[in-house]
Amino acid sequence: MLNVQKIREDFPILNQKIHDKPLAYLDNGSTSQKPKVVIDAITNYYNWYNSNIHRGIHTLSEKATEAYENVRKIVADFIKAPDPEEIIFTRNATEAVNLVAYAWGRKNISTGDEILLTEMEHHSNLIPWQILAKEKKAVLRFIPITQNFTLDLDKIEDLITSKTKLVAVTQMSNVLGTINPVKKIAGLAHKAKALFLIDGAQGVPHSGIDVANVNCDFLAFTAHKMLGPTGVGVLYGKKKLLEEMDPFIAGGSMILEVWQDRATWNKVPYKYEAGTPNIADVIAFGEAIKYLQNIGMENVRNHEKELTAYALKKLCETEDLTIYGPKNPELQGGIISFNFSAKGGSDSVGIDIHPHDVGTIVDQEGVAIRAGHHCCQPLMRKLGIPGTARASFYIYNTKEEIDQLTFALGKVKEVFARL
Amino acid sequence: MSAIEDLYREIILDHYSSPRNRGELPAPALKIEGANPLCGDELVLYIEEKDGQIKQVKINTKGCSISQASASLMTEAIVGKKIEEIQKIIENFKDMMLKDGSFTPTVDLGDLEVLEGVKKYPVRIKCALLAWNTLIEGLKALQNHKKPEPVVME
Ligand SMILES: Cc1ncc(COP(=O)(O)O)c(C=O)c1O
């Protein structure tokens, strides 16, 4: 059990009113809030030891380098990576996926090769592969979703063939909340000699991951969705693969020796960290992970399970509401997508209420949710909807906030009941 | 009236649930598409013009209540009018939606005035403007006797 009231004290932003109502921040799938220790780590760095890393001989630079490199160890420990050198800092999860598509993909994908994705991927785990496939005349395939909004595992074995070079799957859908059986898929991919990449942008913040146990080849995730600052992402890759791949972005820091016409590359992970990195935010990200580790990822997951179960029950009781997701807290993280329809006056049969209208009205009640396609346009097209309203939870959310959401949804109905 | 009722005025909800001038017109009526990809709002506008007058307007829309109501209200405001009159309505409407401070129309905007409430919700102004920006391009195409390009809002 989490001491949510105590946790909330660490997040100054939560203690405010929006349109005279207490803020209920239920948009954690977009970005999480940051505890004071994370914010302080940023100002602390700039106030007391701001300097460039890996190059200065002076004390401040040594201090900054040590703090930055220490976060590599913290991240490795958090995801159970055998070696901190397998951790590459990027700008975000998107850049981490692009790094693989560029540095691994351009070397290893050729005409006719297949890349297997799923129908529930975020654009950031789709577009990099589209561009690669176009360039290399490779083929993208997609694991379909079932009526239950889970991956259709029966279809996977047919979809993974001798041509499949990579399987790339989200750990948790940012729309449906579905938690995918990544360990099982890793096994199927490896059986076919394909590599396996996990988009952990949603999964890692809410249930963590054990990359050694899952046995993925690559994992991408992003600090800002897990209490950390924006501007920091992580690519985990198996050391051997990272050593074989070519660089992604080129310039300073990623080289060893340079001549006018050629250069040799620095060792992994520096080979992939060209230029001055986001030192302050990486250091603050370390504090975010420590904060989560203090709570314990199992407790995080259990708290969200409880909130999700409660919210599902409340939302299922709400009339004219459709939920897109497994509707089972065991199969789904703290993300619930839904749409609303309204029945108006006596002669009206009911119309759909657009998610943007839902978002605007609940905002007036202090409730922050996301409305739209959530960077998953192909999934929306498959579901035949323009978008969804989405509530997503984290460690500081309470059942009262879910009550505030259902109350606000009542207001949506009231507004449209005047039809 | 609460802030939210000021946005979702009855006229807006009425046009949302029973949109006017819905449908298509056969060629040679002008056909132009508009989209707001970030929201997923889409529409197709058909205009039949003769001697500088808009004889018929039809529109097919997909989107939120604000974008659909604005499109429906727009068709009512322009059908049967001379293009010069319509240009004035467009100018007034855009001023109402985009200019800071209080606004005094130079033409009678009629029911269109209910959309002024959208101004308090900056992220939704785009929704109200989609149909109008599409109309502007459509009229340009009519004047230049050119095939119109789809309007894509950012
Ligand atoms: C499933 C998923 N993948 C990838 C991303 C991209 O994360 P970022 O924008 O930080 O690169 C997101 C976040 O929007 C996401 O939800």
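**Close-up views of a two-chain model**

**A:P269 lies in the loop of chain A between β12 (263-265) and α11 (279-295).** A cis peptide bond, with omega about 5 degrees, joins A:V268 to this proline. Helices and strands are DSSP runs numbered from the N terminus (helices H or I, at least four residues; strands E, at least two). This is a predicted model, in which local features need pLDDT of at least 70 and side-chain atom pairs count only at pLDDT 80 or more, while totals for chains, interfaces and linings use all residues. Residues are numbered from 1 along each chain as its sequence is written, chains are lettered from A and ligands numbered from 1 in the order in which they are written, and side-chain values use heavy atoms, with hydrogens and water left out.

**In chain B, the peptide bond from B:A27 to B:P28 is cis.** Its omega is near 10 degrees. B:P28 sits in the loop between α2 (10-17) and β1 (30-36) of chain B.

**A:H374 has a positive phi although it is not a glycine.** The value is about 55 degrees. The loop that holds A:H374 runs between β17 (370-372) and α14 (377-383) of chain A.

**Helix α2 (residues 36-49) of chain A packs on α11(A) at an angle of about 145 degrees.** The two axes are 8 Å apart. Axes are lines fitted to C-alpha atoms, for helices over the stretch in contact, and angles run from 0 to 180 degrees between N-to-C directions. The crossing of α2(A) and α11(A) is right-handed, a term for a near helix turned clockwise from the far one by less than a right angle (left-handed if anticlockwise). Residues in contact (heavy atoms within 4.5 Å) include A:V37, A:A41 and A:Y45 of α2(A) and A:I279, A:A284 and A:Y291 of α11(A). By class, the contact of α2(A) with α11(A) has 13 nonpolar, no polar and two charged residues. Ala, Val, Leu, Ile, Met, Phe, Trp, Tyr, Cys and Pro count as nonpolar, Asp, Glu, Lys and Arg as charged, and the others, Gly among them, as polar.

**Helices α12 (residues 297-317) and α15 (residues 399-417) of chain A pack with their axes 10 Å apart.** Their angle is about 25 degrees, so α12(A) and α15(A) are roughly parallel to each other (under 35 degrees; over 145 is roughly antiparallel, 65 to 115 roughly perpendicular and the rest oblique). The crossing of α12(A) and α15(A) is right-handed. Among the residues that meet are A:L307 and A:Y310 of α12(A) and A:I402 and A:L409 of α15(A). The contact of α12(A) with α15(A) comprises six nonpolar, one polar and four charged residues.

**A:R8 and A:E401 meet in a salt bridge, 3.2 Å from N to O.** The pair links distant parts of the chain, with A:R8 in helix α1 (residues 4-9) of chain A and A:E401 in helix α15 of chain A, 393 residues apart. A salt bridge is a side-chain nitrogen of Lys or Arg within 4 Å of a carboxyl oxygen of Asp or Glu. By this rule there are 34 salt bridges over all chains.

**Chain B and chain A bury about 1,500 Å² between them.** Buried area is the accessible area (1.4 Å probe) that two parts lose on being put together, summed over both. Carbon and sulfur atoms give 61% of the buried area. The contact takes 21 residues from chain B and 15 residues from chain A. One salt bridge is found across the interface; A:D357 forms a salt bridge with B:R124, their closest N and O atoms being 2.7 Å apart.
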